[in-house]
Amino acid sequence: MDNKKLGNAGEDLACRYLEKNGYKILERNKHYSRFCEIDIIAQYKKTIVFVEVKTRKTNSFGTPAEAITKTKFEHIKQGVQYYLTEHKVKDFRIDVIGITLKPEIKIEHLKNVYL
């Protein structure tokens with residue numbers, strides 16, 4: 001499985017997980033620039049949730065969440081600012097969902113993440 005297919009599979013799993021837990025998916029793969037893409041924009045109650053999804057086959061090289069660099073997080077925050085300005089959102093947070101596929105599917109949901 002190439003990285004694009006792995007990422008898409010992880011995002012599909014993340015969306016199903018979020019919907020099962022009461023989130024409404026608003027958008028997927030929202031691009032603001034060539035450097036800034038928000039994987040999932042969801043709503044939980046009155047809060048808009050920006051979700052970065054990282055998927056790994058195994059944890060051999062670290063957990064999925066450890067793959068988010070400071071630069072990547074800065075790009076996510078930039079996209080969030082664009083969205084907030086466009087949609088006049090006041091209540092929001094940034095979450096990370098890390099998915100490991102082997103030896104079994106494991107989903108780790110980190111809420112309200114800041115670096």
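Contact here means heavy atoms within 4.5 Å. This is a predicted model, where local features need pLDDT of at least 70, side-chain atom pairs count only at pLDDT 80 or more, and totals for chains, interfaces and linings use all residues. Residues are numbered from 1 along each chain as its sequence is written, and side-chain values use heavy atoms, with hydrogens and water left out.

**Exercise 1.** Find what Ile41 touches, leaving out residues up to four places away in sequence.

*Solution.* 
- Start with the partners from Lys24 on: Ile41 touches Lys24, Ile25, Leu26, Glu27 and Lys30.

**Exercise 2.** Work out the strand order of the open sheet, and which strands sit at its edges.

*Solution.* 
- Two strands pair if DSSP finds at least two bridges between them.
- Read off the order: the 5 strands go β1-β2-β3-β4-β5, with mixed pairing.
- Check the ends: β1 (24-31) and β5 (106-110) each pair on one side only, which makes them the edge strands.
- Zoom in on β1 and β2 (residues 37-44): they run antiparallel, joined by 6 bridges. Lys30 has Ile38 in β2 as its bridge partner.

**Exercise 3.** Name the residues with the most contacts inside the largest nonpolar core, and the element that gives the most to it.

*Solution.* 
- Define the core: buried Ala, Val, Leu, Ile, Met, Phe, Trp, Tyr and Cys residues, joined through side-chain atoms within 4.5 Å. Buried is under 20% relative accessible area, exposed over 50%, partly exposed in between (1.4 Å probe, protein chains only).
- List the residues: this core has 16, and Ile38, Ile41, Ile48, Phe50, Val80, Tyr83 and Ile94 have the most contacts inside it.
- Sort by element: β2, β3, α2 (70-87) and β4 give two or more residues each, and α2 gives the most, with 5.

**Exercise 4.** Describe how the rings of Phe50 and Tyr83 pair, and what the pair ties together.

*Solution.* 
- Set the rule: rings of Phe, Tyr and Trp (its six-membered ring) pair if their centres lie within 6.5 Å; planes under 30 degrees apart are stacked, over 60 edge-to-face, the rest tilted.
- Apply it: Phe50 and Tyr83 are edge-to-face, 5.2 Å centre to centre with 80° between the planes.
- Check burial: Phe50 is buried at 1% relative accessible area, and Tyr83 is buried at 5%.

How values were computed. Helices (H or I, at least four residues) and strands (E, at least two) are DSSP runs, numbered from the N terminus.
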